[in-house]
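Please examine the structure below before the questions that accompany it.

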Amino acid sequence: MAKKMKKEAKVLSQKLLADGIYDMWLETPFAGDVKPGQFVGVYPVNKSTLLPRPISICEVDAEKSAIRLVYRVVGSGTAEFALYQPGDYINVLGPLGNGFPLEAAEGKKVVVMGGGIGVPPLLETAKRLSSEDVSAVMGYRNSETFLSDEFSKYAKMYIATEDGSVGTKGNVIDAMKAEKIECDVIFACGPMPMLRAIKAYASEVGAKAYLSLEERMACGVGACLGCICKTKEIDDHSHVHNARICTDGPVFDADDLEM
């Protein structure tokens with residue numbers, strides 16, 4: 001894993017993608033070290049919010065030394081980020097965590113599956129798997145299917161919406177079954193109920209699943225034990241059946257998780 005660093009990053013662009021969903025490109029020296037599925041900690045300028053906000057990395061442009069963050073405004077920190085304009089500077093810590101094991105996909109039928117704000121980190125994943133047999137199954141609430149056009153460049157694209165306005169009505173598992181999508185390996189990110197369903201589905205069809213867990217984080221570097229998940233193995237750090245999502249994850253082998 002590349003050494004994480006806290007650096008000042010320049011805002012290159014910012015735009016609204018969907019209701020409450022923003023798309024921001026940052027110029028940062030560690031862009032070339034990023035692996036799909038990793039995240040960064042973005043520090044608010046407001047000193048009353050001391051901790052960085054964890055945001056997954058959506059895409060990388062190594063030539064421009066830039067990373068793309070697609071995030072949802074959920075509180076004061078992300079509300080501040082949405083006000084940034086090109087030319088502004090912010091502090092960013094990264095790259096953080098462990099990404100998706102792309103080597104596990106070699107020669108396999110691969111499906112990347114995302115739900116809600118778990119969609120963005122799968123874009124760079126699909127991009128780097130574009131020479132493989134890749135399908136993308138993304139779940140949305142409604143017709144605001146942000147990033148779906150971009151996934152189509154790298155994968156066979158399928159959409160599920162809760163209200164049935166686009167694609168299959170239901171969730172990503174419903175879309176998998178409706179479209180009869182075959183897979184050997186699943187890379188997924190989204191809310192916990194979705195990931196539990198994907199783990200069960202992978203076991204049912206005999207596929208290998210790697211899950212990126214969404215979790216509230218504090219330090220982002222494994223010191224505070226604020227983002228814990230249950231695992232089958234005993235953690236060397238805490239000596240119990242726990243793992244730290246920020247440093248041991250956010251991507252885990254589904255077989256190692258107690259969900």
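The turns below treat a sheet and a set of salt bridges. This is a predicted model, in which local features need pLDDT of at least 70 and side-chain atom pairs count only at pLDDT 80 or more, while totals for chains, interfaces and linings use all residues. Residues are numbered from 1 along each chain as its sequence is written, and side-chain values use heavy atoms, with hydrogens and water left out.

Me: In what order do the 7 strands of the open sheet stand?
Reply: Strands here are DSSP runs of E with at least two residues, helices are runs of H or I with at least four, and both are numbered from the N terminus. Two strands count as paired if DSSP finds at least two bridges between them. The pairing in this open sheet is mixed, and the order is 11-10-9-8-12-13-16.

Me: Why is one side of strand 11 and of strand 16 left without a neighbour in the sheet?
Reply: Strand 11 (168-169) and strand 16 (251-253) have a single partner strand each. One side of each therefore lacks a neighbour, because both stand at the edges.

Me: What angle does the direction of helix 5 make with that of strand 12?
Reply: Strand 12 (residues 185-190) pairs with strand 8 (residues 109-115) in the parallel sense over 5 bridges, and Met-113 stands opposite Ala-188 of strand 12. Helix 5 (residues 192-205) packs on the sheet and touches strand 8, strand 12 and strand 13 (208-213), a contact being heavy atoms within 4.5 Å. Axes are lines fitted to C-alpha atoms, for helices over the stretch in contact, with angles from 0 to 180 degrees between N-to-C directions. The angle is about 165 degrees.

Me: How many residues apart in sequence are the parts tied together by Lys-127 and Glu-59?
Reply: The side chains of Lys-127 and Glu-59 form a salt bridge at 3.0 Å, N to O (a side-chain nitrogen of Lys or Arg within 4 Å of a carboxyl oxygen of Asp or Glu). Lys-127 belongs to helix 2 (residues 121-128) and Glu-59 to strand 5 (residues 59-61), so the separation is 68 residues.

Me: Is Glu-124 buried or exposed?
Reply: Glu-124 meets Arg-128 in a salt bridge of 2.7 Å, N to O, and both lie in helix 2, 4 residues apart. Buried means under 20% relative accessible area, exposed over 50%, and partly exposed in between (1.4 Å probe, protein chains only). Arg-128, at 37%, is partly exposed. With a relative accessible area of 4%, Glu-124 is buried.

Me: Which residue meets Lys-208 in a salt bridge?
Reply: Lys-208 lies in strand 13, and its partner is in the segment after strand 16. The N to O distance is 2.8 Å, and the partner is Asp-255.
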